[in-house]
Amino acid sequence: MTVKNGKNSIFFCTSCGYESKKWMGQCPACGEWNTFAEETFNEAGRKKQSSGGIRKSHAELKPVTLSEIETDTEDRMDTGFPELSRVLGGGIVRGSLTLVGGDPGIGKSTILLQTAGRMAAMGKSVIYVSGEESLRQIRLRADRIGSMPESLKFISETDIDDIIEMLCINRPDLCIIDSIQTMYTTEAQSVPGSVTQVRECAQRLMTCSKTENIACILVGHVTKEGTVAGPRVLEHIVDTVLYFESGDQFGYRILRSAKNRFGSTNELGVFEMSSEGLKEVLNPSEFLLDGRPEKATGAAVTCLIEGSRPLLMEVQGLVTETQYGMARRQANGMDYNRFAMLLAVLTKRCGLKLGAMDAYVNIAGGMKISQPAADLAIAAAVISSVFELPVPENTVVFGEIGLSGEVRGVPYVSERLREASKLGFKRAVIPAVGMRSLKDTEGMQITGVGYVSELLNIIKGA
Ligand code: TYD
Ligand code: MG
């Protein structure tokens, strides 16, 4: 153990928490590279922890039975943004700690300032703490967004201990910390933004937010690798982790939850950046299908379930003859291996000669899909490109494809059809097994397919 300035230091893996006395390039526990961070601590403090210097008396610790635990439901506050509330699981829980991660410039400060304004307008006490921008800069942003209630308070500060003291005195309903990487405590040795500082600051805020029942939202910057800088440890501390992502060139933003102690992690909210801050996209399906060419070959529309909401999106496929040697495959927005498997099934079960063809798949609008329900639409886009025949007009396609070419059932068939019907789709190609439980066709012409070869016949018009 190295001794520096009278303090001891230890290294630990930011990925799995493995502790070591010396720095290591690769963690022997989880195998990750360059994850070791140094942490200094006070020998007295550590001794107290390990040998139990001050112990609670036996009378203080009392295990309870399940029935003794109070189960009143969490007290949730409306955020003023229905989309944000839904991603959080129905509003922000009092006393909870939420981390909002995302690339610089994506709009984290904007959405949180808007949320702060809307909650303050609903009578909640809100304090916005900025460690990145001066009060003047915040004022300029607020002026752009529109009118802000007088009750909303701001502070520009980076000393977390001062901030916590201020929070304990003011006890607001909501506190926004923008960003956790700029905060520091004088009790930790390292510079702001380092693993130790970020972890220590988040830990202190958590204790404060739980004891004072203050909902805290922390902004976290994302590193080039796409994780919140100042590591995974932060994700373990907070209750909820939201990621704000860009939907590529279209200027819309997607808010996803990656961890949620108070709700589902599949929810997704869509926002659009405007000249007056972020606006919610209330009908994302329409938004995602906007500008779709009619009667184009190599395209199919599918319906996926994101959290509790059906979402229509366009799948594009392109198959061309291989020009140089090895056939090329590329998958944008979906798993490469799944795409390769679907091509193999189409080769073997539909007799398509894809072995000497380059094949590309793309999910329009920069969306990412991971659900097998999109398989049938991907197959439709590929078949459509091979034969240069468009998928029948106004048709939505969904279903999972198995290795023997069988089309397997998917959940929420009615919900998917309802969403498609709402957007003017007239026909649906769905798994044959899904027909059985179907009660309402939503006025659509439904075709059930048992094998992927039947899809081939539909596109060929046979
Ligand atoms: P910001 O919230 O500062 O991003 P982050 O905190 O994630 O770094 O967003 C900055 C971007 O948003 C910037 O490029 C300007 C743009 N913007 C608008 O287009 N309209 C607006 O009303 C506002 C406030 C920002
Ligand atoms: Mg910001």
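Let's start with Arg171, which sits in the loop between helix H5 (160–170) and strand S10; helices (H or I, at least four residues) and strands (E, at least two) are DSSP runs, numbered from the N terminus. Although Arg171 is not a glycine, its phi is positive, at about 40°. The model is a predicted one, in which local features need pLDDT of at least 70 and side-chain atom pairs count only at pLDDT 80 or more, while totals for chains, interfaces and linings use all residues. Residues are numbered from 1 along each chain as its sequence is written, chains are lettered from A and ligands numbered from 1 in the order in which they are written, and side-chain values use heavy atoms, leaving out hydrogens and water.

The peptide bond joining Asp178 to Ser179 is cis, with omega near 0°.

Now turn to ligand 1. It has 15 residues around it, of which Gly105, Ser109, Thr110, Arg141 and Gly277 come nearest; a residue counts here if one of its heavy atoms lies within 4 Å. A backbone N or O atom of Gly277 is 2.6 Å from a ligand 1 oxygen, a polar side-chain atom of Arg141 is 2.7 Å from one, and a backbone N or O atom of Gly107 is 3.0 Å from one.

Further along, have a look at helix H13 (residues 452–460) and its partner H10 (residues 375–387), whose axes come within 10 Å and cross at roughly 45°. Axes are lines fitted to C-alpha atoms, for helices over the stretch in contact, with angles running from 0 to 180 degrees between N-to-C directions. H10 and H13 are therefore oblique to each other, since angles under 35 degrees count as roughly parallel, over 145 as roughly antiparallel, 65 to 115 as roughly perpendicular and the rest as oblique. Contact (heavy atoms within 4.5 Å) involves residues including Leu376, Ile383 and Phe387 of H10 and Val452, Leu455 and Ile459 of H13.

H13 also meets helix H9 (residues 336–350): their axes come within 9 Å and cross at roughly 80°, so these two are roughly perpendicular. Val345, Leu346, Arg349 and Cys350 of H9 make this contact with Val452, Ser453 and Leu456 of H13.

Finally, Glu388 lies in the loop between H10 and strand S20 (395–397). Glu388 is another residue other than glycine with a positive phi, near 55°.

Key. A polar contact is a pair of N or O atoms within 3.5 Å; within protein, one must be able to donate a hydrogen and the other to accept it, and residues adjacent in sequence count only if both atoms are side-chain atoms.
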